[in-house]
Amino acid sequence: MYDQFLLFGDSLFQQSCNQDRGFAFAPALQDGQMILFGANDACLPGSELGQHVPLEVYKNNLRRIIRHPSIQTQSPRLILVTPPPVNEYACEESDAAKGIVGTRRTAEHTMAYADACQRVGQDLGVPVIDLWDWCIRIAKYEPGHPLPGSKRVKRNSYLDEVLSDGLHLSPAGYRTLLELTMRHIQRVWPDQSPDALAFVHPSWPVAPKAETQDAGEP
């Protein structure tokens, strides 16, 4: 056995393995555990699919995951990841295509879950990759104004680029998450930077060579 990343989360991590659309996050990673929940939990109360998790329950669930004996016994290096923003325009289009009526997610409601994830990380001393804040800043959020992704402002082209359906990350979104993850590793765990890691198996110049046979020999 050798050290590896474990991605623990919802459909955002599930879809990070899919290379059908191009770049995928999970195959690009090679000791740590990343925890990403909140995108589905942040559904509005009473929404049709029943995915809503109250904010305090969400925070307690993150604490229980981090403190769970099955986690702690491995002494892993943990990283929390905030849920990304949502694009209300694309979310409603995606829901409508599935026959789901009504608003299930808002930019402001998801922000509360991203903030809660940050607070849990600070309370427990677990580093946090603030994917929500990064995306919001690139989307040119101006404090005091409605959040990018909200239907109270015009549609945001950057969120259209990094979110495939208003909720899940696109290949561009996963590439952003990988870049933020690599920055975190290089800053906090430099021994886990790709250039600092030893090969699991010998590299080809020093690997054992099979005896070759002339093609003309029987």
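**A core, a helix and a ring pair**

Let's start with the core. The largest nonpolar core has 24 residues, and L131 and L169 touch the most other members. By nonpolar core I mean buried Ala, Val, Leu, Ile, Met, Phe, Trp, Tyr and Cys residues joined through side-chain atoms within 4.5 Å. Buried means under 20% relative accessible area, with a 1.4 Å probe and protein chains only. Elements giving two or more residues to this core are β3 (78-81), α7 (131-138), α8 (157-162) and α9. The most come from α9, with 6 residues. Helices here are DSSP runs of H or I, at least four residues, and strands are runs of E, at least two, numbered from the N terminus.

A word on the source. This is a predicted model: local features need pLDDT of at least 70, side-chain atom pairs need 80 or more, and totals for chains, interfaces and linings use all residues. Residues are numbered from 1 along each chain as its sequence is written, and side-chain values use heavy atoms, without hydrogens or water.

Now α9 itself. Helix α9 covers residues 171-188. Its buried residues include P171, Y174, L177, L178 and I185.

Next, aromatic rings. How many aromatic pairs are there? The count comes to 1. Rings of Phe, Tyr and Trp (its six-membered ring) pair if their centres lie within 6.5 Å; planes under 30 degrees apart are stacked, over 60 edge-to-face, the rest tilted. The centres of Y58 and Y113 are 5.2 Å apart and their planes are at 50°, so the pair is tilted. Y58 sits in helix α3 (residues 55-67) and Y113 in helix α6 (residues 107-124), 55 residues apart. Both Y58 and Y113 are buried.

Methods. The expected span of a helix is 1.5 Å times one less than its number of residues. Buried means under 20% relative accessible area, exposed over 50%, partly exposed in between (1.4 Å probe, protein chains only).
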